[in-house]
Amino acid sequence: MTFLSIALGLAVFAGGLQDRALKDGWRKFTSEENSYSCYFPPQWHYLPPALGNLRIVNFPLSQKVRGVVLPQGGALVVILERPDNVGDVERWIKTTTIGAETISKKDVSIGSVAVQGGLRAVEVVTESGVVPDRFQDIGLYFEISGRGFRGLLTYWKGDPKAPEYLRVLHQIVGSLTAAK
């Protein structure tokens, strides 16, 4: 198998993410403020944007709990652009994980419509909260079109649907396109 055939296969796979999102009825989010767009599953619910960033939850907004947004079995996904004053990815990770216990940190690859050959990201898993009410966060730190982004997934520790939530995060991040 040649390099060209591998590259073409990966490009078709990445393009397939966006095609699949459209076929499955995924909804498109566009941030005019931050010049990016991505898709999210139709059964997830859109929260009002914070500074033009995507914020969605997997439960009806009527189930939001005051003080703690997530009910048991709830998950939150947020897409954030890296602030200009943060600098590199390692510094950004350090500033966004203050006060949380880091469980793991590793490089991952995600199929992407914007990055030929797949998107490289740093995945950081952290836990926060008071025992037994602990949240788990998975942050994906990545760059598209020379711009830094963070895809953040938050859910209750021990939620059996965590792998499903992580798949959704990967699909959302893989669908993201951004202007330079």
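Guide: The following conversation moves from the overall fold to particular residues. Please keep in mind that this is a predicted model.

Visitor: How many helices and strands are there in the chain, and what pattern does the chain follow along the sequence?

Guide: The chain contains three helices and ten strands. Read along the sequence, their order is α-β-β-β-β-β-α-β-β-β-β-α-β. Of the 180 residues of the chain, 44% count as buried. As for contacts between residues at least 6 apart in sequence, 46% of them join residues at least 24 apart.

Visitor: Which residues touch the most other members of the largest nonpolar core?

Guide: To read a core, one looks for buried nonpolar residues joined through their side chains. The largest such core here has 32 residues, and Y36, L54, F142, I172 and L176 touch the most other members. At least two residues of this core come from each of β2, β4, β5, β6, β7, β8, β9 and α3. Helix α3 gives the most, with six residues.

Visitor: What is L54 in contact with, leaving aside its neighbours within four places in sequence?

Guide: With those neighbours set aside, L54 is in contact with F29, Y36, C38, F40, Y46, V77, V78, I79 and I172.

Visitor: How many salt bridges does a search of the whole structure find?

Guide: The search finds eight salt bridges. To read one, look for a side-chain nitrogen of Lys or Arg within 4 Å of a carboxyl oxygen of Asp or Glu. One case is K106 with E123, whose closest N and O atoms are 3.8 Å apart. This pair links distant parts of the chain, since K106 is in strand β6 and E123 is in strand β7, 17 residues apart.

Visitor: Is E123 buried or exposed?

Guide: E123 is buried, because its relative accessible area is 6% and buried means under 20%. K106, by contrast, counts as partly exposed, at 47% relative accessibility.

Visitor: Which residue forms a salt bridge with R120?

Guide: The partner of R120 is D107, and the closest N and O atoms are 3.6 Å apart. R120 lies in strand β7 and D107 in strand β6, so the pair ties together parts that are 13 residues apart in sequence. R120 counts as exposed, at 56% relative accessibility, and D107 counts as exposed at 54%.

Visitor: Are R134 and E127 buried or exposed?

Guide: Both R134 and E127 are buried. They form a salt bridge whose closest N and O atoms are 3.4 Å apart. E101, E127, R134 and K157 are linked in a network of salt bridges.

Visitor: Lastly, how is a pocket read, and which residues line the largest pocket?

Guide: Rolling a probe the size of a water molecule over the atoms shows where empty space is left. In this model, about 180 Å³ of space lies in the largest pocket. The largest pocket is lined by N34, A50, L51, N53, R55, V78, L80, E81, R82, P83 and D84. Strand β5 supplies the largest share of this lining, three residues.

Note on methods: Residues numbered from 1 in each chain as written. Predicted model: local features only at pLDDT ≥ 70, side-chain atom pairs only at ≥ 80, totals over all residues. Heavy atoms only, no water. Core = buried A, V, L, I, M, F, W, Y, C linked by side-chain atoms within 4.5 Å. Buried < 20%, exposed > 50% of the residue type's maximum accessible area, 1.4 Å probe, protein only. Helix = DSSP H or I, 4+ residues; strand = E, 2+ residues; numbered from the N terminus. Contact = heavy atoms within 4.5 Å. 1 Å grid on protein atoms, 1.4 Å probe; cavity = no way out; pocket = protein on both sides within 12 Å on 5 of 7 lines; lining within 4 Å. Points joined across faces, edges and corners; volume = space filled by probe spheres on them.
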